[in-house]
Amino acid sequence: MSRAADRLKAVLNHLDPSLACVRASNTSGQTITHTYQPHNLRYTNDNDLLSLDQRLFYEKNGFVVIKNLVSKEDIDRFRGAFERICRREVSPPGLLVMRDVAIANSEFVPDQKAVTKIQDYQEDPELFRYCTLPEVLQYVECFVGEDIMAMHTMLINKPPDAGKKTSRHPLHQDLHYFPFRPVDKIVCAWTAMERITRQNGCLVVLPGTHTGTLKEHDYPEWEGGVNKMYHGVRDFDPELPRAHLEMEKGDTVFFHPLLIHGSGMNQTTGFRKAISCHYASAHCFYIDVKDTTQENIEEEVRQIAERKYGVTDAIRFQDTWALRGRLVKGERVSL
Ligand SMILES: CCCC(=O)SCCNC(=O)CCNC(=O)[C@H](O)C(C)(C)COP(=O)(O)OP(=O)(O)OC[C@H]1O[C@@H](n2cnc3c(N)ncnc32)[C@H](O)[C@@H]1OP(=O)(O)O
Ligand SMILES: Nc1ncnc2c1ncn2[C@@H]1O[C@H](COP(=O)(O)OP(=O)(O)OP(=O)(O)O)[C@@H](O)[C@H]1O
Ligand SMILES: O=C(O)CCC(=O)C(=O)O
Ligand SMILES: [Fe+2]
Ligand SMILES: [Mg+2]
């Protein structure tokens, strides 16, 4: 970032919000004038980590990619932990193993369906280390503040498409799954565990959609089938510009829970891996989703809990989150 921008940032931090514009001099003594709109910086905090350009990018687009954030060594360790789970050498409590709806052969276990993702790895110490990495948390703090909960953990192992396009993830907003607010105090960290391209199904985002509202979600009408709980935004404007986020091993994208995103099919023979965690401020609060568009996902979670644990109404949707959430920094307040 330029010196002038640095100085502008310093000015902005001490500015009376009622002022309409600021003037600063650049290094050659010329006066530059910038319009200051306080609401433009509603999504990020200043902790001297994100540059002003990166903050403005997130404010405008709803995501920011940080190159080479997680080390290759750590990623190799996460991969090892994932393989141990696939080989059934370990079975952390609460872990959900999901197999692709169309695939019958696994990467590691013959005669088993391929693991397409594991979810809720909070009791696997090696995998959960990802959620506590200081290099990740320092960025998370820029979005949610100092008291941080790790709410939702996944390792996605997008399989080679079996020919039915079921390896796609429909366009969606993650907030659809979350009964907690405020929305701006939630952020996802998603780290590429290898080189991820359009070929193997990179993340696809609709920049700027984080400024909208939560939309109605349901299963897309795809001929080849859709994975359980992979709801998509019901009406989205197909003309909206898309950004295909091609990333290298270790690159990490932070994105807002209203940002519409998905991923395309994996047209390679390898399994495309990414590890992610959704963080929320520990000051967030639970909401009741009854009579909202989120009722349909609440009902599906209830059915799965019933099938898996034999519980019916004993556990509320909010409780399933309170049980899985883990404090990773500061103080646990209301989540
Ligand atoms: C920000 C958040 C974004 C997201 O989290 S989006 C995705 C959220 N996904 C999830 O929460 C994962 C949901 N998955 C699950 O709960 C389980 O994997 C699932 C689908 C219940 C299967 O559980 P298991 O009991 O381990 O599997 P099973 O082999 O006994 O099958 C039971 C019945 O489920 C079916 N099934 C299995 N995998 C599926 C799939 N991928 N898509 C759709 N249906 C699937 C399977 O055919 C079987 O059906 P049936 O009982 O024979 O009629
Ligand atoms: N009808 C739909 N409803 C919801 N999501 C969709 C629909 N059709 C496609 N998508 C999703 O839109 C996203 C972007 O698809 P797009 O075709 O732009 O990318 P891709 O398939 O990754 O790349 P490429 O165009 O190179 O094949 C993917 O997440 C895909 O799953
Ligand atoms: O890794 C991917 O394909 C995206 C997964 C995703 O967006 C999700 O599970 O919510
Ligand atoms: Fe998502
Ligand atoms: Mg496509």
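Predicted model: local features only at pLDDT ≥ 70, side-chain atom pairs only at ≥ 80, totals over all residues.
**Stop 1: the iron ion**

Select ligand 4, the iron ion, together with His172, Asp174 and His261. These residues are the protein donors of the iron ion, through NE2 of His172, OD of Asp174 and NE2 of His261, at 2.1 to 2.2 Å. Along the sequence, the donor residues follow the spacing H-x1-D-x86-H. Colouring by secondary structure shows how the site joins distant parts of the chain: His172 belongs to strand S7 and His261 to strand S15, 89 residues apart.

Next, display the protein surface at the two histidines. His172 has a relative accessibility of 4% and therefore counts as buried. His261 is also buried, because its relative accessible area is 5%, under the 20% limit for that class.

**Stop 2: ligand 3**

His172, Asp174 and His261 are among the residues around ligand 3. To complete the shell, select Lys117, Met154, Ile156, His169, Trp190, Leu203, Ser263 and Arg272. By class, this shell consists of four nonpolar, four polar and three charged residues.

A polar side-chain atom of Ser263 lies 2.6 Å from an oxygen atom of ligand 3. For Trp190, a polar side-chain atom lies 3.1 Å from an oxygen atom of the ligand. Asp174, already seen as a donor of the iron ion, has a polar side-chain atom 3.2 Å from an oxygen atom of ligand 3. On its own, ligand 3 has 290 Å² of accessible area, of which the protein covers 94%. Strand S6 (148–158), strand S7 (169–172) and strand S15 (261–263) are the elements that each give two or more residues to the shell.

**Stop 3: ligand 2**

Now select ligand 2. There are 13 residues around ligand 2, and those that come nearest are His169, Leu171, Arg198, Arg242 and Ser263.

Turn next to Arg198, where an N or O atom in the side chain is 2.7 Å from an oxygen atom of ligand 2. At Ser263, show the backbone: a polar backbone atom is 2.6 Å from an oxygen atom of ligand 2. The protein covers 72% of the 620 Å² of accessible area that ligand 2 has on its own.

**Stop 4: ligand 1**

Finally, select ligand 1. It is surrounded by 18 residues, the closest being Arg99, Gln119, Asn227, Lys228 and Ile304. The shell comprises nine nonpolar, four polar and five charged residues.

Which elements each supply at least two residues of this shell? They are strand S4 (96–99), strand S5 (115–119) and helix H6 (295–309). Highlight S4 in particular, as the largest share, four residues, comes from this strand.

Gln119 places a polar side-chain atom 3.0 Å from an oxygen atom of ligand 1, while Asn227 has a polar side-chain atom 3.0 Å from a nitrogen atom of the ligand. In the side chain of Arg307, an N or O atom is 3.2 Å from an oxygen atom of ligand 1. Of the 1000 Å² of accessible area that ligand 1 has on its own, the protein covers 64%.

Technical notes. Residues numbered from 1 in each chain as written. Chains lettered and ligands numbered in written order. Heavy atoms only, no water. Near = heavy atom within 4 Å. Polar contact = N/O pair within 3.5 Å; in protein donor to acceptor, adjacent residues only side chain to side chain. Areas by Shrake-Rupley, 256 points an atom, 1.4 Å probe, with all protein chains shown as cover. Nonpolar A, V, L, I, M, F, W, Y, C, P; charged D, E, K, R; others polar. Donors = N, O, S within 2.8 Å, 3.2 Å for Na, K, Ca; no water. Buried < 20%, exposed > 50% of the residue type's maximum accessible area, 1.4 Å probe, protein only.
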